[in-house]
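User: I am new to protein structures and would like to learn how to read a few features step by step. Could you take me through them?

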Amino acid sequence: MFKYSFKRFLAALPTLLVLMTLAFFMMRAAPGGPFDQEKTLPPEVQANLDKKYHLDEPLIQQYGRYLFDLAKGDFGPSFQYKDFSVNELIATGFPVSFRLGVSAIILAFVFGTCLGTLAALRQNTLTDYSVMTAAMTGISVPNFVMAPILILVLAVYLKWLPAGGWNGGAFKNTILPIISLALPQIAYISRLTRASMIEVLRSNPIRTARAKGLPERLVIFRHALKPALLPVISYLGPATAAIITGSVVVEQIFGIPGLGRYFVQGALNRDYTLVMGVVVFYGALIILFNFLVDLVYAMLDPRIRY
Amino acid sequence: MKRIQHVLVLWCTLLLITACGGDAGDNHASGPDGAETSNLDRPVKTTMVNTGERHSEQYLRRGNGSEIQTLDPHKAEGVPSSNVHRDLYEGLTLEAPDGSIIPGGAESWEISDDGLIYTFKIRKNGKWSDGTPVTAQDFAYGLQRSVNPATGSKYSQILAPIKNAEEIIAGTKPVESLGAEVIDDYTLKITLNGPTPYFLGLLNHASTYPMPVGFAADGDENMFRAGKLISNGAFRLTEWVVQSHLDVERNPYYWDNENNAIDKVRFFPIEDQSTELKRYRAGELDMTYDMPFEQFKWVKENLYDEFIVAPYLGIYYYGFNLTKPPFKDNLELRRALSLAVDRNILTEKVLGTGHIPFYSWVPEGVLNYSNARPPEATMSKAEREALAIELFEQAGYSKEEPLEIEIRYNTSENHKKIAIAIAAMWSQVLGVKAELVNEEWKVFLENRKQKQVTQVFRAGWIGDYADPFSFLELMHSSHGINDPGYNNPVYDDLLSQISAEGNPDKRRQLMEQAEAEFLKDYAVMPIYSYIQPRIVKPHVGGYQSNILDHILSKNLYIIKH
């Protein structure tokens with residue numbers, strides 16, 4: 001187990017390095033720089049700015065400098081938010097995104113598995129059809145359509161919830177963004193659970209359990225649920241990635257000060273350091289999460305041992 | 001495939017335009033039946049008068065566009081950051097709610113007869129937010145810090161009228177040589193290169209704001225945060241959470257504190273205008289920063305009393321790349337293309353937002369100035385189009401041998417709508433085959449500046465100070481925003497004359513002459529003069545619009561509601 005973890009850790013480093021290198025050079029390949037604006041700057045001012053942020057050095061040297069600083073845990077100063085360093089911005093933005101993301105994943109997992117199980121147990125009934133129709137809709141309607149609709153109905157017309165903003169993380173402000181983020185995942189997870197549950201319910205161990213005369217409740221919760229959840233667990237890795245991508249949009253729509261919003265604004269403004277910071281940070285996070293998922297997988301499935 | 005798509009879009013628009021053209025009554029569609037007229041038929045309000053008893057809680061919530069980049073006034077750029085800076089800081093002069101210049105950090109001033117020397121008496125009761133007095137040294141330090149190339153100010157050039165400023169920016173003279181001399185603690189003498197009638201208005205710009213001597217000397221970037229930032233305006237910073245909100249509170253040391261009603265202001269960074277409108281409707285904002293154009297009708301009909309549209313010192317135009325064919329040395333072609341565009345359809349039908357159709361260069365609403373107008377401003381549509389076809393043929397093109405060009409614009413629904421409509425008009429009148437190229441902002445700017453692939457491009461400019469020169473100077477052959485590559489020695493010479501002219505009447509004549517000189521070359525195609533639409537809650541008192549759209553929180557108050 002420890003050996004496996006160590007191996008995974010070593011394998012993660014080159015992945016991160018490749019990710020970082022790609023992001024670094026792709027960012028620089030985009031036309032326009034962080035200080036370009038409609039009005040051209042006086043050459044002396046431009047030169048000073050370039051010097052200050054080391055943009056006057058050859059690209060490869062900048063890359064080396066970035067790696068070196070990163071090894072020390074320094075993401076550099078933000079080009080766009082001049083009063084802050086990228087480390088500070090990530091430190092303020094991440095807890096916000098983390099809270100949104102984790103809540104959305106938990107919500108998606110709980111609701112998704114419950115709905116999926118329900119649909120599987122009532123296969124080919126009205127319940128099954130309505131859950132699956134809802135799920136299909138959930139998958140096909142993207143966040144950026146769902147979120148404004150939710151705002152319009154629940155915030156503008158009914159005035160039950162705020163239309164946006166973070167407000168220091170007040171519970172009321174988190175409800176709509178979390179729902180918007182979780183909905184597509186609830187839909188996806190419920191479909192996954194349903195399919196796998198139906199398969200498990202038809203398997204021999206379950207038939208045996210039923211033949212023994214175990215109550216249906218026990219059959220489902222003790223014997224069927226665990227194997228049925230395996231595909232869902234392995235989906236949690238990609239789900240994290242999906243939630244992170246989704247948060248980019250949702251944070252923008254709700255005006256939430258999270259990492260996703262920095263990423264979009266950073267990319268548009270050619271804030272090299274901020275974009276790199278978010279990419280590296282999220283990259284590491286996704287790798288870590290996939291690793292955790294694999295560990296959980298081993299706990300649930302006795303056939304897998306590291 | 002892309003081309004087919006474009007052609008389809010073009011035809012659809014064309015149909016739409018012709019269909020709308022004959023139908024004057026489409027505004028009635030959503031109005032109620034009977035005698036009562038719809039809000040859509042009423043003219044939009046350009047002024048707003050809300051008065052009433054004051055609310056016990058004086059807390060103002062403003063939408064403020066995209067997140068500001070820095071609280072350092074000397075490095076700041078963009079409208080959202082100036083909105084915050086105007087609340088935090090105060091220059092030597094200040095603006096009254098109607099936009100006129102009144103004493104600010106300086107209580108009075110004297111101008112020498114030749115208009116070159118300004119002597120400011122600094123207000124003795126002026127205080128920083130920590131209670132220390134604001135002195136002439138602080139103002140001089142602010143100006144020096146702004147022009148110091150080490151600061152990296154993007155607006156340093158705006159101070160070019162001050163003696164030696166340009167040399168300091170270029171790094172050839174020391175910062176101390178700036179023409180801002182401290183006579184004593186409360187007297188500051190500023191020497192200019194030439195008479196600059198708009199100079200007092202300039203002293204209200206963020207790049208001139210004072211700073212305690214030695215504050216945030218280079219490399220010290222952590223000073224512009226709550227707890228450290230010291231400001232001399234009506235408010236002081238209490239909290240800034242990037243991408244969430246920025247809070248300021250009353251500065252008790254402000255010299256005019258007794259006339260400031262507002263205790264606390266919260267600025268919300270909301271780039272997306274639809275989001276802003278939703279949050280306004282949900283009651284989370286007292287006033288918006290902007291408004292989505294596509295909701296203009298809805299807002300006008302449903303929020304008529306809260307909706308205000310005021311002229312704004314800005315111009316929207318298309319530029320021609322004059323350094324490459326087909327536009328190089330081809331005045332006829334440029335003029336033909338300009339003539340073929342019907343500004344009225346663009347503003348009334350395509351945008352429908354009350355923008356002012358425009359043929360001149362200096363936006364409408366600048367005091368004591370009358371625009372130079374090219375002949376087409378008074379021609380009928382038929383006359384313009386007939387002349388366009390004639391010139392187009394003189395330029396060597398026809399419907400059989402059509403011109404093929406690309407229109408470049410940066411990503412935005414409104415820019416796209418306008419580009420589609422212009423392409424359709426060119427196609428309809430002249431048979432021009434125009435391809436639309438949408439580029440992300442930084443890519444777009446890069447291409448525009450390099451003048452290699454760009455042919456026709458979309459552009460806009462908001463004036464930094466309310467003087468025609470803030471627009472005229474843009475097209476000087478060496479100016480940083482002269483992206484058409486306009487180079488006319490006569491025009492450059494006129495600009496130098498304007499800078500040296502001290503007599504206001506003569507200066508105005510020279511400016512009108514310069515504008516006419518520029519317009520006759522058709523380096524650009526002006527489309528409309530800006531307006532600033534905004535929605536303001538009825539409980540916001542004291543709101544008054546002005547041409548620069550400088551709305552200071554201290555001039556507002558919250559009415560009991």
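Predicted model: local features only at pLDDT ≥ 70, side-chain atom pairs only at ≥ 80, totals over all residues.

User: Let me start with helices. At what angle do helix 6 and helix 7 of chain A cross, and how should I describe that arrangement?

Analyst: One reads the angle between the two axes and then puts a word to it. The axes of helix 6 and helix 7 of chain A cross at roughly 140 degrees and come within 10 Å. Angles over 145 degrees would count as roughly antiparallel, so helix 6 and helix 7 of chain A are described as oblique to each other. The crossing of helix 6 of chain A past helix 7 of chain A is right-handed.

User: Which residues meet where helix 6 and helix 7 of chain A are in contact?

Analyst: From helix 6 of chain A come A:Asn143, A:Met146, A:Ala147, A:Leu150, A:Ile151 and A:Leu154, and they meet A:Leu176, A:Ile179, A:Ser180, A:Leu183 and A:Pro184 of helix 7 of chain A. Sorted by class, this contact between helix 6 and helix 7 of chain A has nine nonpolar and two polar residues, with no charged ones.

User: How do helix 9 and helix 11 of chain B pack?

Analyst: The reading follows the steps we have just taken. Helix 9 of chain B, residues 343–351, packs on helix 11 of chain B, residues 413–430, at an angle of about 130 degrees, and their axes are 11 Å apart. Helix 9 and helix 11 of chain B are therefore oblique to each other, and helix 9 of chain B passes helix 11 of chain B in a right-handed crossing. On the side of helix 9 of chain B the contact is made by B:Ile345, B:Leu346, B:Val350 and B:Leu351, while the residues they meet in helix 11 of chain B include B:Ile418, B:Ala421 and B:Met425. The residues of this contact between helix 9 and helix 11 of chain B are eight nonpolar, one polar and one charged.

User: What does the side chain of B:Asp72 make a polar contact with?

Analyst: Here one looks for a partner side chain, and for B:Asp72 that partner is the side chain of B:Arg145, at 2.7 Å. B:Asp72 counts as buried because its relative accessibility is 1%. Apart from neighbours within four places in sequence, the contacts of B:Asp72 include A:Asp83, a residue of chain A.

User: Finally, what should I look for in the backbone itself?

Analyst: Phi of A:His54 is near 60 degrees, a positive value in a residue other than glycine, and A:His54 sits in the loop between helix 2 and helix 3 of chain A. Phi of A:Lys159 is likewise positive, near 55 degrees, in the loop between helix 6 and helix 7 of chain A. For the peptide bond one reads omega: from B:Pro325 to B:Pro326 omega is near 5 degrees, and the bond is cis.

How values were computed:
Residues numbered from 1 in each chain as written. Chains lettered and ligands numbered in written order. Heavy atoms only, no water. Axes fitted to C-alpha atoms, helices over the stretch in contact; angles between N-to-C directions. Helix = DSSP H or I, 4+ residues; strand = E, 2+ residues; numbered from the N terminus. Parallel < 35°, antiparallel > 145°, perpendicular 65-115°, else oblique. Left-handed = near helix turned anticlockwise from the far one by under 90°. Contact = heavy atoms within 4.5 Å. Nonpolar A, V, L, I, M, F, W, Y, C, P; charged D, E, K, R; others polar. Buried < 20%, exposed > 50% of the residue type's maximum accessible area, 1.4 Å probe, protein only. Polar contact = N/O pair within 3.5 Å; in protein donor to acceptor, adjacent residues only side chain to side chain.
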